[in-house]
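Please keep the sequence and the coordinates at hand while reading.

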Amino acid sequence: MTRRIAPFASAALLLAACSGAATNSASSPSPAALPRTRAERTDYKETSSHADVMAFIDSLKTLGAPISVSELAKSPMGKSVPLVVAARPRVSTVAEARALGRPIVYVQANIHAGEVEGKEAVLALLRDWSFSKGPTVLDSLVVVLVPIYNTDGNDKLAPQARNRGAQQGPEMIGERPNGAGLDLNRDYVKVEAPETMGSLKAFAAWTPDLFMDLHTTNGSYHGYALTYSPSLHPAAPLAPFTADTLLPEIRRRMQAKHGFETFPYGNFTGANGRESLAAETKSGWVTYEHKPRYGTNYFGLSGGVSILSEAYSHDPFDRRVASTRAFVQEVLSYVAANPAAVRARVKVGRQATVLPERGVAPMVPVQSRFTSRADTQPVIVERLERVADSTALTQPGVPRGLRRTGQFTAQRMPVVDRFEGVVNRPLQGGYLVEGDWPRVRELLTAHGIPFQPAGDTERAVNEFVVDTVIASGRPFQGHREVAVRGQWRAVTRRAPAGSIVVMPRSGNDLLAMLLLDPESDDGYLTWNVFDSALAKGKAAPVVRLSSPTR
């Protein structure tokens, strides 16, 4: 099927389709008195600075919005990362939120600061929810918003062609890393950024039922205004519900109510990597990694609902904001309309992260790969064509020498958006970390995993004897990632001084396993925490407890 898409609708019409518009009331300011985002004020030619965001939030507070504002973190460059809690009636503490008995949702934007749609969308939604005369999600949910997570990167403005080469505007945008040069969406295991530390503390305090992370794509030309993903780690308890029940319903609503085509996140990928942009026929559609270093994957391991949103970078800026705004609205409306069902699912999901008192321990994929049973589906492809002048720039975000045609074809191809375990182990009953490892104690504390001194006790344990240490050939985020191969063996011994033990059922056993286990494909060992103890023929310093104390 080939079709030509009509010119994009105006941002005003698209935004009007989203529910929650502000209305007049005796106790509310008039629409004309309400603040507008920088994107709105400039007809979507510019995006909000950190100062703009803070001033916008302050204006909402001054006008009486039902919000409480605190600081999530202080960035490496000293900027405050705001955390906004919105609900009607207003709440300012976790205890007040719990007393309402509602689902708590956590929405984060701007983790990659050149991907600005989420920031603009959630600010506008917050305004309209706050001052609507009719019901909004704030009457049924507690909404925790982090509208500008990467404050440092946001204000490092440069031309779009430099900071986001595959994006259509705005003309000046921020950059991907934070002020310390870190990609914040690769930091959820190693926790080296203050923003990540603040995020983990907020997760622990608010224990959200649902987490949304708002991004923008970077690459393939397709026919979707927005793509999405659940937590991709195959151990995430609610990933099947999110992928197969919740998100298909949101996809239906996005098309029926807003006219936006959506699809699971991915890129066109061939046997040798990403497909050529000019290739007429695409080989397949493939998602990103399953590893918990990514925020959406990480949160899913808590047992909650986790959703990645990716606006389409090749759409105009106003349309990207509109599609993101509609997607957030529809997801939160779904939760608001089904509060008991969602909370019941999350309760079951969280129970699945803890070693059961009785019965057989569930299997956990500690190493995973793309599924070998990919589904074949129609995927909408836009055709690009080459122009005579290979140096010509035909449109912002389009590589030189290429031109968009506006011709879209639905091509059937493998859609690889699931993972399967290649090394599966029973959920463990605790770990012993042998020796004094201060960084491990810091990380366990950051991840909310309780531990205690091991004491002078002889224990039956299973240790992993290293046969091979595999270090990455190139650095990534300041590290050379490490993996080990070897064999497990049962031994009995006393722990050396300074050792700690992570006992079962004292926290999230699933997360503890994926962070601590020597076989994990994205744990502390991956990020060089144990490098000094790794060598052929030696036991890794983290061992599994064979007979944990209850």
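Pro170 sits in the loop that runs between helix H7 (160-163) and strand S7 (172-173), and in this predicted model the peptide bond leading from Gly169 to Pro170 is cis, with omega near -5 degrees. A cis bond also occurs from Arg88 to Pro89, where omega is near 0 degrees, and Pro89 is placed in the loop between strand S3 (80-86) and helix H4 (94-100). Asp43, in the loop between helix H2 (38-41) and helix H3 (50-62), has a positive phi of about 55 degrees although Asp43 is not a glycine.

Two packed helices are described by the angle between their axes and the distance between the axes.

| Helix pair | Angle between axes | Distance between axes |
|---|---|---|
| H5 (residues 117-131) and H11 (residues 317-337) | about 55 degrees | 8 Å |
| H9 (residues 239-258) and H11 | about 125 degrees | 10 Å |

With an angle of about 55 degrees, H5 is oblique to H11, and H5 passes H11 in a right-handed crossing. On the H5 side the contact with H11 is made by Glu117, Gly118, Glu120, Ala121, Ala124, Leu125, Arg127, Asp128 and Trp129, and these meet Phe317, Arg320, Val321, Thr324, Arg325, Val328, Gln329 and Leu332 of H11. Sorted by class, the residues of this contact of H5 with H11 comprise 8 nonpolar, 3 polar and 6 charged.

The angle between H9 and H11 is about 125 degrees, and these two helices are therefore oblique to each other, while their crossing is right-handed. From H9 the contact takes in Phe241, Thr245, Leu246, Leu247, Glu249, Ile250, Arg253, Met254, Lys257 and His258, and from H11 the partners are Ser323, Ala326, Phe327, Glu330, Val331, Ser333 and Tyr334. The contact of H9 with H11 has 9 nonpolar, 4 polar and 4 charged residues.

**Pockets**

Rolling a probe the size of a water molecule over the atoms shows where empty space is left. The largest pocket has a volume of about 550 Å³, and of the 22 residues that line this pocket, Arg186, Tyr265, Arg274, Tyr288 and Tyr294 lie nearest its centre. Strand S8 (210-216), strand S11 (267-270) and strand S14 (305-311) are the elements that give two or more residues to the lining of the largest pocket. By class, that lining has 6 nonpolar, 10 polar and 6 charged residues.

The second largest pocket holds about 410 Å³ of space, and its lining is made of 18 residues, of which Phe203, Ala204, Thr207, Ser302 and His447 lie nearest its centre. Two or more residues each come to this lining from helix H8 (194-206), helix H10 (295-300) and helix H13 (438-446), and H8 gives the most, with 4 residues. The lining of the second largest pocket divides into 9 nonpolar, 7 polar and 2 charged residues.

**Cavities**

How many cavities of 30 Å³ or more does the structure hold? There are 3 cavities of 30 Å³ or more, and in the largest cavity lies about 50 Å³ of space. The lining of the largest cavity is formed by Ser220, Tyr221, Phe268, Glu275, Ser276, Leu277, Lys282, Glu382 and Leu384, a set that divides into 4 nonpolar, 2 polar and 3 charged residues.

Technical notes. Residues are numbered from 1 along each chain as its sequence is written. This is a predicted model: local features need pLDDT of at least 70, side-chain atom pairs count only at pLDDT 80 or more; totals for chains, interfaces and linings use all residues. Side-chain values use heavy atoms; hydrogens and water are left out. Axes are lines fitted to C-alpha atoms, for helices over the stretch in contact, and angles run from 0 to 180 degrees between N-to-C directions. Angles under 35 degrees count as roughly parallel, over 145 as roughly antiparallel, 65 to 115 as roughly perpendicular and the rest as oblique. A crossing is left-handed if the near helix is turned anticlockwise from the far one by less than a right angle, and right-handed if clockwise. Contact means heavy atoms within 4.5 Å. Ala, Val, Leu, Ile, Met, Phe, Trp, Tyr, Cys and Pro count as nonpolar, Asp, Glu, Lys and Arg as charged, and the others, Gly among them, as polar. On a 1 Å grid over the protein atoms alone, a cavity is a set of points where a 1.4 Å probe fits but cannot get out, and a pocket is an open set with protein on both sides within 12 Å along at least five of seven lines; lining residues have an atom within 4 Å of a point. Grid points are joined across faces, edges and corners, and a volume is the space filled by probe spheres set on the points.
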